[in-house]
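Good morning, and thank you for making time for this item. I would ask you to keep the sequence and the model in view while I speak.

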Amino acid sequence: MSAESTVVTAEHFAYLAARTAGDDDFLRDLKAAAREAGLPAIWISPEQASFMAVLLRLARAERVVEVGTLAGYSAIAMARALPPGGRLTTIELEPRHADFAEDWIARSDVADRVEVVRGAGDDVLPGVADGSVDAVFLDADKAGYAGYREHALRILRPGGLFMADNAFAFGQLFDETPTDREVGAVRAFNDHMASAPGFSGVIVPVGDGLWVAVRD
Ligand SMILES: C[S@@+](CC[C@H](N)C(=O)[O-])C[C@H]1O[C@@H](n2cnc3c(N)ncnc32)[C@H](O)[C@@H]1O
């Protein structure tokens, strides 16, 4: 181990989570209702949401695109970091997830800032104008990340913020025989991010590993 690094353990994660603003009642209720409705509980952690909100505020983001809505948890958390008049578009393939998210976003304090767009990221992103977006968050099918990255390069303004979730491949990044079929796609995406031009970034050990990068 390098003297410059501390290996982050589950204890560290619990420590930082205990020192980060958690969910308010609305987001707790949203998660409970999503579980009740049978949606998978694979939303980002509260501490990752807090970190992303800090990044969005530092980037002075007003226009954000997310791929992968699920229940709307991260969309609402990010939209709360936008100034009045800010807009977040979140793209969701599964109609059941989009229905749930639309319902809860409509009841949230950021209903005027968030739009759920139904469809696959690959089909929706081509309709987003060049250089029109301040931040992009990828949290959907990992096989699609390479293509979404190309769209992000096109739609982000120079200096725009790029974030992509699950760089640690659901905890299976170093497994020789991973059980999750998306692990290979995550590894390939990580290698591509590390070597391809267009973004300057780093994997941050929060949640399941978050790529944070700036559009060059
Ligand atoms: C990990 S969940 C998103 C969690 C959400 N970002 C949060 O933290 O609250 C991934 C979502 O991506 C959706 N999805 C999968 N493939 C997709 C695609 N090709 N285009 C858009 N959404 C997709 C899934 O249906 C699922 O709802």
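Two strands are said to pair if DSSP finds at least two bridges between them. Helices, which are DSSP runs of H or I with at least four residues, and strands, which are runs of E with at least two, are numbered from the N terminus. What we have here is a predicted model, in which local features need pLDDT of at least 70, side-chain atom pairs count only at pLDDT 80 or more, and totals for chains, interfaces and linings use all residues. Residues are numbered from 1 along each chain as its sequence is written.

Strand 6 (residues 199–204) and strand 7 (residues 210–215) pair in the antiparallel sense over 6 bridges. Within that pairing, glycine 201 has alanine 213 of strand 7 as its bridge partner.

Which residues of helix 8 are buried? They are Val183, Val186, Phe189, Asn190 and Met193, where buried means that 20 or more other C-beta atoms lie within 10 Å of the residue's own, exposed means 12 or fewer, and partly exposed lies in between, with C-beta atoms placed from the backbone. The face turned away from the buried side of helix 8 carries the exposed residues Asp191, His192 and Ser195.

Alanine 185 also belongs to helix 8. Alanine 185 counts as partly exposed because it has 18 C-beta neighbours inside 10 Å. Leaving aside residues up to four places away in sequence, alanine 185 touches Lys142, Ala143 and Tyr145.

Helix 5 (residues 95–107) may be treated in the same manner. Its 13 residues should span 18 Å at 1.5 Å a residue, and the end C-alpha atoms are 19 Å apart, which agrees; the expected span is 1.5 Å times one less than the number of residues. The buried residues of helix 5 are His97, Ala98, Phe100, Ala101, Trp104 and Ile105. Seen down the axis, they fall within an arc of 165°, so they line one face of helix 5. Their packing partners are helix 2 (25–36), helix 4, strand 2 and strand 3 (114–118).

Helix 4 (73–79) and strand 2 (87–92) are also the elements that give two or more residues to the shell around the ligand. In total, 21 residues surround the ligand, the closest being Trp43, Gly68, Leu70, Tyr73 and Ser74; a residue is near the ligand if its C-beta atom, placed from the backbone, lies within 6 Å of it.

I close with the backbone. Most residues other than glycine have a negative phi. Arginine 60, however, has a positive phi near 50°, and its place is in the loop between helix 3 (46–58) and strand 1 (63–67). Asparagine 166 has a positive phi near 75° and lies in the loop between strand 5 (156–165) and helix 8. Is asparagine 166 buried or exposed? With 28 C-beta neighbours inside 10 Å, asparagine 166 counts as buried.

Terms used. Arc of directions from axis to C-beta. Contact = placed C-beta atoms within 7 Å.
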